[in-house]
Amino acid sequence: MLRVNKVTKRFGKKVANENVSLSLNPGEIGILLGPNGAGKSTAIKCILGLLRFEGEVTIGGHPAQSAEAKALLGYVPEFPCLYEMLTVKEHFEFIIRAYNLNRQKATNLVADLMDRFRLTDMMDTLCKDLSKGMQQKVSIICALLPQPKLLLLDEPMLGLDPHAIKELRLLVTELAEEGVAILISTHMIATVEGIWEKAYIMNKGHVISCHRKNEMVGVWADSLERIFFAETESYDPSWQMHSEPIYMEEQAPSGKNQKNTGNKKQNASKAKAGSPAQPSHGANTPQPHSEAHAVTRPKTQKKKSKKKK
Amino acid sequence: MGACWYIVRKQWKNILKEKIKRPHFWLWVLVICAYFALYIYQEISHTGITDVIDDPLPVYKGGVTLVFLFTAFLGLGVGLKRGNTFFRPCDVTHLFVSPIHADKILLYGLFRKCVGVFLATLLLLSQLTNLRFYFGLGWKQLLLLMCAWLMLSISLTVLSLGVYSVTATHPWIRKLVLFFLYALSSMIIIGIVMSLWKSGKPVTALLSFFNKPYLRIVPLGGWASGFLVCAMEGEYYQAAVYAGLLVLLPLIGLVLVYQDRSAYYEDVLTSIGHTYGNVEEERTATTADVRKRNTKRGSSRLVGKKSGEVALMQRQLTEQKRSLILILDKNSLGLISFSVIVGAILHSLMRKGMYPVIMQIIGLAVLCYAMLFAIPMGRFVEELKKPFIFLMPGTPVRKLFYASSASVAKAFLEGLLSMMIITFFANLNPLFILCGTAFYTSAALLFCAAYLASIRVIGLTNSKYSHTVLSFAILSAVFLFEISVGVRLGTRLYAVSEFMFPLVFVVMAAFNTLFSLVFFYSARSILQYRD
């Protein structure tokens, strides 16, 4: 359903995304994980066709910026951006007109979704009078209304109450069962734990690894958080990104990797805490070079000691 | 397209529904209705007929050229640099990701922008009677004026978006166009100053300058004026050429936008807020990059130097210094350019035999009122919307004072430069530089205080225009009082020595400061609750 092939996005000299490749099949729930500034939102905007980029993005076989691709898309933005002077109902009416939806079906769907998100009383409220969480819920319903084949959710849980988070997780699972491909961009790992099937981890504009849940074994299988920290905290920019997805094969971190981190104490403490210092990668995976850490740390220590003097 | 019109229609309907609930909306409606009732009555009963001014056509043509050129430069400059009035973030998340065709979205943006044109046209319509009575214009000439205005404003709107979008892929082209605009406007200002300098009659000099035919080659503004003047003079062939140019240039812009449709969305994204592009850039930039850039822009070394409420001023000055030049912004540069024109006018009046004392008063009064448009009140209002000023310890009066003092510091610098220019041009007493700057700076403080008083009266949520109008009224009331005191004191000082006269401005500056403190004190309660 979604194919992103070697997408590079530059803002002037700054490279926001470099050779980002990812793919999602119908019914698959993918997550885009990464720390702040990793390039997740930029990647999503490239998929949406909102930004110019180098590379190729196709949605259901259509180029990302085509009207056909857009008809298959649903998008929940990072921050809810609604028309302040339109009511909730009018937003839905707009979606019905813009996507040329069957009015009866859409009305039934709206009623169901409004009920699930506990917004039934808010139909005639102007969006400027809604709280941020409620606006986010309306955004979600707007994205779901055209019954998209690909749903892009950019930090969808921000500002939602626990009930809505639970409902959204349930909804995502249901949609995936119906064959909708879903890509969730987030840095709140706990909110997607348990629903993801494919995880792309991004850092500094690169996709540094891809993991399938059903191929994960051992200590890696039970915690996405563990993988995330292991990969992003030891990431080196010189680490080449992978054009092909990489899957986890083994559970135990190798001794070589531990050496490469250049910080034995840190690894030891992680090991004590039951968290491996470095995930193992496939045979084709270039090993991370951690000289940067090894070099920079003594420098900062020196600076500190100078200051003390 | 139906979906886009639906948004426009429903939004207007809801805005109107919201507005009619508010009493001040009805007050405005009443004022506007009364105005138009009087207007129609004047037309029917001919009560407004006055004597036509001497030699009206050069005055009319010169005035129209001036207004057209100003509108063109302002509209194109703002459109090119920001273009953020075409689309909003909600348009991006709803329209741009929907399967609606890009051309229709563009049309929707243009239509929204044209609402502003409609309002400006309404303002012009309300002045048609005056134009008829004072300039003796016929209906044909008024119709030509309306045509020229509509062509200019719609062309400006289309061209702003067109050029912005086309040049988004090549930012250097945009810089080139902006440079061309600045160069052209600088040349016009130099031309005005030269004409004023040579002539002893400022109004005649200005009119003769704006009636010069070579101004008609200036894109958009000049062309619109050329169309009007040529059509009035019966040169229909030339008028058609100017009208053709006015229509053709925006059309070329549109064609280029359509051709480069793949780039269209990002152009608009970038144009939304300058913000969207910059936010994206900031978000993706590493902290180290941002820090490096900020350091490169120059640290004022002010932040963290002192504690207490002064930190508010220091923080704003640091922000100002990072984004502006020597804490002066583009408005300041505009004001300084304006002071060159004021200086040239005063020089011209002095040649006619006007007294230096009157020149000092005129110069200062004109600059002080012009300053009201150059004060960055937006920053100050932003400060009041952030929790920091509410949470930090300190007395409310001091907090408000320091929060506004960054604008005052800016006013001091621009006042000093402007007074130097005026003194140089009009050959005034050098003491005027210091005394005038003191008054100018205190007027800035008073305006900030008056703005606070307006917030105290009508609340922070009202539009900035309401605040500006109210603070303008408060400021004018204080000025009126000061004039009555200043005239008495000035007469006595002038009797002692003409050299001593500028000291009256220092006394009035003290009055301004005193009034400001009163306003700050009365507005202190706005820091008790965050609205």
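This is a predicted model: local features need pLDDT of at least 70, side-chain atom pairs count only at pLDDT 80 or more; totals for chains, interfaces and linings use all residues.
In chain A, four strands form an open sheet in the order S2-S1-S4-S5, with antiparallel pairing. The edges of this sheet are S2 and strand S5 (62-63) of chain A, each of which pairs on one side only. Helix H1(A) packs on the sheet and touches S1, S2 and strand S4 (54-59) of chain A. The direction of H1(A) makes about 115° with that of S1(A). Strands of a sheet pair through backbone hydrogen bonds, in either a parallel or an antiparallel sense. For strand S1 (residues 2-11) of chain A and S2(A), the pairing is antiparallel and extends over seven bridges. Within these strands, Lys9(A) lies opposite Asn17(A), a residue of S2(A).

The contact between the chains draws 31 residues from chain A and 30 residues from chain B. On the chain A side, two or more residues each come from strand S2 (14-24), helix H1 (40-48), helix H2 (67-71), strand S6 (73-76) and helix H3 (88-98) of chain A. Of these elements, H3(A) gives the most, with five residues. By residue class, the side of chain A that touches chain B comprises 19 nonpolar, six polar and six charged residues.

Val342(B) is located in helix H16 (residues 330-351) of chain B. This residue counts as buried because it has 23 C-beta neighbours inside 10 Å, and the cut-off for burial is 20 or more. Apart from neighbours within four places in sequence, Val342(B) is in contact with Gly363(B), Val366(B), Leu367(B) and Ile422(B). The C-alpha atoms of Val342(B) and Ala426(B) are 9.1 Å apart in space, although the two residues are 84 residues apart in sequence.

Tyr39(B) belongs to helix H2 (residues 23-45) of chain B. With 17 other C-beta atoms within 10 Å, Tyr39(B) is partly exposed, since that class falls between the limits of 12 or fewer for exposed and 20 or more for buried residues. When neighbours within four places in sequence are left aside, Tyr39(B) is in contact with Ser126(B) and Thr129(B). Tyr39(B) and Asn130(B) are separated by 91 residues in sequence and by 9.4 Å in space, from C-alpha to C-alpha.

Terms used
Residues are numbered from 1 along each chain as its sequence is written. Chains are lettered from A and ligands numbered from 1 in the order in which they are written. Two residues are in contact if their C-beta atoms, placed from the backbone, lie within 7 Å. Ala, Val, Leu, Ile, Met, Phe, Trp, Tyr, Cys and Pro count as nonpolar, Asp, Glu, Lys and Arg as charged, and the others, Gly among them, as polar. Two strands pair if DSSP finds at least two bridges between them. Axes are lines fitted to C-alpha atoms, for helices over the stretch in contact, and angles run from 0 to 180 degrees between N-to-C directions.
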